[in-house]
Amino acid sequence: MQTPMSLNPAQQAAVDHRGGPLLVLAGAGTGKTRVITHRVAALLDEGVPPWRILAVTFTNKAAKEMRERIDVLCEGRHETKELWVGTFHSICARILRRNPEGVGLSSHYAIYDTSDQRSLMKQVLADLGVPDRLYTPKGVLGHIDRAKNQGLRPSEMDALQILEPVATVVRNAYTRYQDKLKAADACDFGDLILHVVTLLRNAVKPSDSQLGDLDPMVRMTTRFTHVVVDEFQDTNPVQAEFVDRISRNAELCVVGDDDQSIYGWRGADVDQILRFADRHDGAEVVRLEQNYRSTMNILECSDAVIRKNAGRLGKKLWSDLGQGDPVQLVRLGDERDEGRLIAQDIYAAIENGTDPEEIAVFYRTHAMSRVLEDEVRRMGLSCRIVGGVAFYERQEVKDTLAYLSVLRNSSSDAHVSRIINRPARGIGNTTQTRLADAAAKDGKSLWEALLDPEAAGLKKAAARKVRAFVTMMQNLRDEMHELPLDELLARVVEVSGYREMLVSDDSEEAQARLENLQELQGNVMEFLQERPDGTLDEYLELVSLVGGERSEGDATRAINLMTVHSAKGLEFERVYVTGMEERVFPHARVLDDPVQMEEERRLAYVALTRAKRHLTLTMAARRRIYGQTQVGTPSRFLGDLPRECIHRVGDEPAYGGHGGGYGRRSAHRPQPTRKQAESWQNDIEYDVDPDIPFDDIPTDEPEGVPIYVGMLVRTRTFGDAEVIGWSGSGTKMKLQLRLSNREVKTVLASFVEPL
């Protein structure tokens, strides 16, 4: 073991390297921050002026930690305040302040935050006459952000291959948006980097060096003699170009891990690190492979998963912490069993002295947190939702529940005001204020004011929109008595326009919100299974009580629930990775895309390498997710795990196929038997039926085929399509489909067949 301030040979080699470009491949838990800070401190000790060193990272927290650790290492020997240490955005903002005229800004330019950007885009879309039910400011800004991440201007948008008519709308909006930003003497976050790259592209030094020195951007390209970049695997093309141009006359050292590149959906491009040596002649590669976090069983399993990726530079982590406990692989009946087992095991671990802060439960998507939250709470444990919001507190969930509440109690002003313009239906703040004032003046509820909008002083156009909302709600109330609760919820999401709003927003976040609504429908169906005669009032009461109990408790004594994406950079003594099934993890959306599947495999690698000593992977024979039950086919990642490093609890599923006949049952495969974990509560059954092989467990759905978001189907009229949502059940089930031209259609499920 190294002492706190010592370096192992590979770390020392990275710190000492001089004379050319350097790529430090830093595996998970190998001490990359130590290498960066020691390298900067060593450069200062060698006499390099602090103002000639640039260190770039991605978050303010990481930049702050980096500077603090450099200060400790230097022990007051150097003026570390003169170091350029910061995020890409903060460094570029600092550079842009020195030469804003080059991109048409003043030295006092404003930086628009997310709220400012959306307000401006709302004006742009209104100017263009774009229907707000089809194109949201957030969705259009997402496309523009993708363009800026790749260094593309409006005239170059074709490179994104956005389908029509979205492409034309985005291109026109991008052009007008930039014009409005310029007129306001402002830029957004994407502009900070793109503007600086533009200035650096134009910073051509003339033959007269003295004149050249007058150009601040030319001086900027010669200012730094050493540039260090952290988390290089997360850079997008425009960030990578900034690094290359700003380090034109400097020694460049980039630190990162290609195996942890998991933000492709944000614009990160793993090729930037994979092709680093190709773009920088004479680049040396130093691999940090000694891991100081995890035991060997965990590392062997992590390596087995990631080495299946073709697009990687290659390394193998090792540790001197010993083999440690085997990785637990647990198969359960359904997601309730999964949540209950995890909650019980966590409870036992805490009783035995484990700090709750050192326990984390991971899931692939936010929608999966609902059952886990419920079961953890039932065990009396406090939990923290890291990087997200508790299920019943999520905007789309609260909005939908508010619709249901208004159907039962229109006197609830809070619920009426929440949904009156969500999704947007042209009932703006001014209209809402007049209605609220009229209601208060007459001692009425807000709903009563809506019934007579003219009395509130609304003009004809505003009154017409209010009446349309009232009519919609009254029609839903009429249907409420005829429909089962789960179908009523689906009807609300459809008729209100909520589903259409999310479907038209072609972003990862909108997709996650759709999944949350499908999960809410599953929650209602679960409620009806437990209480066949349950009413809407009883359901709303139950949800309200659940939400009221959802306290994070003592912040220092809470376990951590999070998506795997939120877990990057963190580490925990005890980790549970849930939903290890095909179409869950890996996600259904990536199954037919080799590039996305490689990123999904990197995501699994990140999940496994967060664990220090105890790692448990769970899977379910059946899982009700997004409102549907699907058969739990084992994740291909489980089939990669070395048998000598794992301990199976429950039926041993068949693996293979993806690269070895995945999904095909061996003729010699033993029949499953009912097992129970000795160390866990004995009310969990690890098999649904001891006489049914795992691969043959049927779905509960009468259709016989599990439906899931991202599923590919073939229609008789529209050709192949992707499932993005559904409503109803049985013969009345309707599917929302995204066609190959990105158009959305709703068809009966009986008219499609799975591909």
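# Close-up views of a predicted model

By the distance rule applied here, the count comes to 51 salt bridges. The legends below refer to a predicted model.

**View 1. Salt bridge between Arg201 and Glu241.** The side chains of Arg201 and Glu241 meet in a salt bridge, with an N to O distance of 2.8 Å. Arg201 belongs to helix H8 (residues 189-201) and Glu241 to helix H11 (residues 237-246), so this pair ties together parts that are 40 residues apart in sequence. Arg201 is partly exposed, its relative accessible area being 34%.

**View 2. Salt bridge between Lys568 and Asp234.** In the pair formed by Lys568 and Asp234, the closest N and O atoms are 3.5 Å apart. Lys568 is buried, with a relative accessible area of 15%. Asp234 also counts as buried, at 10% relative accessibility.

View 3. Arg378 and Glu375 form a salt bridge in which the closest N and O atoms are 3.0 Å apart. The two residues are three positions apart in helix H16 (residues 369-378), a separation of about one helical turn. Arg378 counts as exposed at 54% relative accessibility, whereas Glu375 counts as buried at 6%. Salt bridges with shared partners join Arg336, Arg370, Asp374, Glu375, Arg377, Arg378 and Glu519 into one network.

**View 4. Burial of helix H16 and the residue that follows.** Nine of the ten residues of H16 are buried, so the helix is largely enclosed by the rest of the structure. The buried residues are Ser369, Arg370, Val371, Leu372, Glu373, Asp374, Glu375, Val376 and Arg377. Just after H16, Gly380 adopts a positive phi of about 75 degrees.

**View 5. Lining of the second largest pocket.** The second largest pocket holds about 1200 Å³ of space. It is lined by 38 residues, of which Lys122, Pro137, Asn421, Ala424 and Met501 are the closest to its centre. At least two lining residues come from each of helix H5 (114-127), helix H6 (137-149), helix H17 (395-408), helix H18 (413-419), helix H19 (429-442), helix H23 (498-504) and helix H24 (508-530). H5 gives the most to this lining, with six residues. Classed by residue type, the lining has 13 nonpolar, twelve polar and 13 charged residues.

**View 6. Surroundings of Met217.** Met217 is placed in helix H10 (residues 216-223). The residue is buried, with a relative accessible area of 2%. Beyond its neighbours within four places in sequence, Met217 is in contact with Ile95, Asn99, Val196, Leu199, Leu200 and Ala203.

View 7. Glu164 and Pro165 are joined by a cis peptide bond with an omega of about 5 degrees. Pro165 lies in the loop between H6 and helix H7 (166-183). A cis peptide bond also runs from Phe585 to Pro586, where omega is near 15 degrees. Pro586 is located in the loop between E13 and helix H27 (594-608).

View 8. Gln161 is not a glycine, yet its phi is positive, at about 55 degrees. This residue lies in the loop between H6 and H7 and is exposed, with a relative accessible area of 69%. Glu231, likewise not a glycine, has a positive phi of about 50 degrees. Glu231 lies in the loop between E6 and H11 and counts as buried at 16% relative accessibility.

**View 9. The chain as the setting for the close-ups.** The chain has 27 helices and 22 strands. Buried residues make up 55% of its 755 residues. Among contacts in the chain with a separation of 6 or more, 73% are between residues 24 or more positions apart. The chain exposes about 31900 Å², of which carbon and sulfur atoms supply 48%.

Terms used. Residues numbered from 1 in each chain as written. Predicted model: local features only at pLDDT ≥ 70, side-chain atom pairs only at ≥ 80, totals over all residues. Heavy atoms only, no water. Salt bridge = Lys/Arg side-chain N within 4 Å of Asp/Glu carboxyl O. Helix = DSSP H or I, 4+ residues; strand = E, 2+ residues; numbered from the N terminus. Buried < 20%, exposed > 50% of the residue type's maximum accessible area, 1.4 Å probe, protein only. 1 Å grid on protein atoms, 1.4 Å probe; cavity = no way out; pocket = protein on both sides within 12 Å on 5 of 7 lines; lining within 4 Å. Points joined across faces, edges and corners; volume = space filled by probe spheres on them. Nonpolar A, V, L, I, M, F, W, Y, C, P; charged D, E, K, R; others polar. Contact = heavy atoms within 4.5 Å. Areas by Shrake-Rupley, 256 points an atom, 1.4 Å probe, with all protein chains shown as cover.
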